[in-house]
Amino acid sequence: MSGLAPAGEATSPIVGSSPVATGGVAAARRRGDRLVGSSRAVQRVLEQVAVAGRGRFHVFISGEEGSEKELIARLVHEASDWKTGGFFAVDASLVPETLLARELLGSERGALPSLPSESVGAFARTAGGTVLVDRVETLPKDLQHVLALALGDARYHRVGGGAALPLECRVIGSSSESLEALVQTGLLDAELGERLRLLEIRIPALRDRREDILPLAARALALASDEIERELGRSPKARGFTREALERLRAYGWPGNERELLERVRAALRLARGDEIDAEDLALGSASSDELPSFRDAKRAFERDYVARVLRLCAGNISRAARIAKKDRKDFYDVLRRNQINPDDYR
């Protein structure tokens, strides 16, 4: 008998889980668009989302790496009057500094020699909507100051000058650190911090709300099952978790939070041979929450174990293993070299 079956569709927009319309009614009902959990911490987040939804002020979201900051931002967007416009998310740490201002503010024709054409920018494209700037502290300091002025004056200028344009969208900043910590350490412009300070939504680490782990695992299983069914045209054999797997899920410290849980379950479902995912499939080891490796070490250990399991399943066939892992063959070879794994050992 299965210890935990996939989660069904939740119906309440506030208590327990919330839909986000990202592409019509069908998209709003996707399991991945719902905040899952029954802990007081999750209920507090949902209460704050409702507060943000009743206002038109800017917001800050903080939570460790792997927590569902973008999902929370989308919930805020959908709960508010800003949902009449679009939703745009940018990770400031991944965009070259020379392009960040253009990406957000837009640019006049000829303002940037390397990109001479006019650019509208996210603020204009999402008029009436929401712009999420993740890792906001990695914005260049001068752009942080420009953003602070824009939030204060509700006006901004494109790169290259031109007339002042009205800022007609909500801006949400997010980071793995608290707003106070970012300002105190000087990573975030103090004025920008003040503009975002009215409401900070803090997402507690998954290890601090263990009652949410199994519901999240059920959602992860449902999402992974849907993914495999779309890919292969059939449902995976495993439909739940063994009792030992459930115990391991509850005991693990989840340094990578919800993102790590999803990836672990996704990989385990592809490797499972029986009707249930067992503890070995999860590859979580036996570490308790008080004896956790660093996130980097945990990630490396997972990568090595996952690749070895895939190769064992494919009898060392690189092409098949790369397809299962959803990686380019060359990229898969790079993973093998990085972990000093010889595929011949599995043939």
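**Exercise 1. Which side chain meets that of Glu 244 in a salt bridge?**

Solution. First, the basis. This is a predicted model, where local features need pLDDT of at least 70, side-chain atom pairs count only at pLDDT 80 or more, and totals for chains, interfaces and linings use all residues. Residues are numbered from 1 along each chain as its sequence is written, and side-chain values use heavy atoms, with hydrogens and water left out.

Step 1. The partner is Arg 248, at 3.3 Å from N to O. A salt bridge here is a side-chain nitrogen of Lys or Arg within 4 Å of a carboxyl oxygen of Asp or Glu.

Step 2. Glu 244 and Arg 248 sit 4 residues apart in helix H10 (residues 243–251), so about one helical turn separates them. Helices are DSSP runs of H or I with at least four residues, and strands are E runs of at least two, numbered from the N terminus.

Step 3. Glu 244 is partly exposed at 47% relative accessible area. Arg 248 is also partly exposed, at 22%. Buried means under 20% relative accessible area, exposed over 50%, partly exposed in between (1.4 Å probe, protein chains only).

**Exercise 2. Is Lys 69 buried or exposed, and which side chain of opposite charge is nearest?**

Solution. 

Step 1. Locate Lys 69: helix H3 (residues 69–79).

Step 2. Lys 69 is buried and has no salt bridge. The nearest side chain of opposite charge is Asp 134, 4.9 Å away. Lys and Arg count as positive, Asp and Glu as negative; His and the chain ends are not counted.

Step 3. Beyond four places in sequence, Lys 69 touches residues including Glu 64, Asp 134 and Ser 174. Contact means heavy atoms within 4.5 Å.

**Exercise 3. Describe where Ala 272 lies and what it contacts.**

Solution. 

Step 1. Ala 272 is in the loop between helix H11 (257–271) and strand S9 (276–277).

Step 2. Its relative accessible area is 17%, so Ala 272 is buried.

Step 3. Leaving aside neighbours within four places in sequence, Ala 272 contacts Ala 238, Ile 277 and Asp 281. Ala 238 is 34 residues away in sequence, but 6.6 Å away from C-alpha to C-alpha.
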